[in-house]
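Reader: I am new to this structure and would like to learn how to read it feature by feature. Could you take me through it slowly, giving the general idea before each case?

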Amino acid sequence: MSLIARSATTADIDAIMAMAEAARPALTNLPADRDRLEARLAASEAALAHSVDRPGDEQYVLVVETDEGEVIATATIRALAGGRDAYYTYRRETLIHASQQLDVRREVDILSISHEMSHASLLCALATTDHDLADSARRLLRAARLALIARFPERFASTLFVALSGYREAGRTPFWDGVGRHFFSRDFDEIHRAASLGSRSFIGEVMPPFPLYLPLLDDPTREAIGRVGDNHANALRAWQQQGFALSRHVDLLDGGPLLEAARDHLPRGQWLTVQVGDTPDDGACSEALLIASQRSGNFRARVVTRHINERGQCVLDDACARSLSVAVDEPVLVIPFTRAGDTEGLSC
């Protein structure tokens, strides 16, 4: 069984809704609300069907399906995290307090509310079913979203970022308990759900605008800052392998880390033409490659191996070419695929 990533359509609503309902913990960017998800899918189709010359409020939804047509994963890219409302974070900074008279110089770490990530593109809402190939689907979606950005750089900001869930322990969220609860007087899950069903801007509006001095916070709160949840430890390593690095920003709710990368510093791949036929046995290329179609309204991507011939063409068998909806001599974007453990289900 093999997997293919493709642009989502409104026909995928049932599968995506099921993944949103099953996600634990719930995903802020994938609300279990059918009307909102249907609107997102319709907006994604519309955005890909039209020419876009600069990032705005667009959202692009991808899914992964098996060769039997079962949708087992989904993920989204928001062209601008703050396309409609400001995307608030805490930014880690250091203040210097000094007095020559007393011969005192102290560096104090603080957290300041920031909305500068509003102008970056957000890779979010990755969810899977409990399918045996769920891990392969996650890897494919990470690579496919970057391929979509490489294919249409004008649609996305110069900075990309991923927000990973913060640390939780015994059902509690230490950062929220140490900071947010004092201003909302509500449980983390309740505020988290409110953020998933609407704008996150209310968080920044209620939280105090003044810096938080880390020495004044208790130990569990400080230790949770920038600490990824146990369920996202693998994702942290995977994104770092893709060229993302920890930023100064952390999530306003749970203190989880934000990873960022410069769009133009990520692999852009190369354009090769398609030849349809048997896979060559001359060993011209044995690496794993992500192949992405050039068509915007029907974006598709999958992993192939040993499919570059001596003329530099991308050789696909009939089934793989059909799954990508590409024809002979049509250009495709080819990007080296970073292997991460077992690649079962990824390649043709």
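Predicted model: local features only at pLDDT ≥ 70, side-chain atom pairs only at ≥ 80, totals over all residues.

Author: Let us begin with a term: strands are DSSP runs of E, at least two residues long, and they are numbered from the N terminus.

Reader: What is the phi of Ala125, and is the residue buried or exposed?

Author: The general idea is that most residues other than glycine have a negative phi. In this structure, phi of Ala125 is near 55°, a positive value in a residue other than glycine. Ala125 has 7% relative accessibility, and because buried means under 20%, the residue counts as buried.

Reader: Which loop holds Asp329, and what is its phi?

Author: Asp329 lies in the loop between helix 10 (318-324) and strand 15 (331-336), and although it is not a glycine, it has a positive phi of about 70°. Its relative accessibility is 55%, so Asp329 counts as exposed, the cut-off for that being over 50%.

Reader: How should I read a nonpolar core, and which residues touch the most other members of the largest one?

Author: In soluble globular proteins, nonpolar side chains tend to be buried together. Here the largest nonpolar core has 46 residues, and those touching the most other members are Val64, Leu148, Trp239 and Phe244. Helix 3 (residues 134-151) supplies the largest share of this core, namely nine residues. Another core lies apart from it, with 24 residues, among them Ile16, Tyr87, Leu122 and Ala125.

Reader: Which residues does Ile149 touch, and where is its place?

Author: Ile149 has its place in helix 3, and at 4% relative accessibility it counts as buried. Not counting residues up to four places away in sequence, Ile149 touches Ile77, Leu123, Phe156, Leu160 and Arg263. Although Ile149 and Arg263 are 114 residues apart along the chain, their C-alpha atoms are separated by 7.9 Å.

Reader: At what angle do helix 3 and helix 9 pack, and is their crossing left-handed or right-handed?

Author: To read such a packing, one takes the angle between the N-to-C directions of the two axes. Helix 3 and helix 9 (residues 233-241) pack at about 35°, with their axes 11 Å apart, and their crossing is right-handed. The contact is made by Arg142, Arg145 and Leu146 of helix 3 together with Ala235, Ala238 and Trp239 of helix 9. Leaving aside neighbours within four places in sequence, the contacts of Trp239 include Leu123, Val162, Leu164, Phe244 and Leu259.

Reader: How many aromatic pairs are there, and how is a pair described?

Author: A pair of aromatic rings is described by the distance of the centres and the angle of the planes. The structure holds six aromatic pairs. In one of them, the rings of Trp176 and Phe184 have centres 5.5 Å apart and planes at 35°, so this pair is tilted. Trp176 also pairs with Phe188, edge-to-face, at 6.3 Å centre to centre and with 70° between the planes. This second pair links distant parts of the chain, since Trp176 is in helix 4 (residues 174-178) and Phe188 is in helix 6 (residues 188-197), 12 residues apart. Trp176 and Phe184 are both buried, Phe188 is buried too, and Trp176, Phe184 and Phe188 form one aromatic cluster.

Reader: Which residue lies over the face of Tyr167?

Author: Arg227 does, at 3.6 Å from the ring centre of Tyr167, while Arg155 lies over the face of Phe152, at 5.1 Å from the ring centre.

How values were computed: Residues numbered from 1 in each chain as written. Heavy atoms only, no water. Core = buried A, V, L, I, M, F, W, Y, C linked by side-chain atoms within 4.5 Å. Buried < 20%, exposed > 50% of the residue type's maximum accessible area, 1.4 Å probe, protein only. Helix = DSSP H or I, 4+ residues; strand = E, 2+ residues; numbered from the N terminus. Contact = heavy atoms within 4.5 Å. Phe/Tyr/Trp six-rings, centres within 6.5 Å; stacked < 30°, edge-to-face > 60°. Lys NZ or Arg CZ within 6 Å of the ring centre and 35° of its normal. Axes fitted to C-alpha atoms, helices over the stretch in contact; angles between N-to-C directions. Left-handed = near helix turned anticlockwise from the far one by under 90°.
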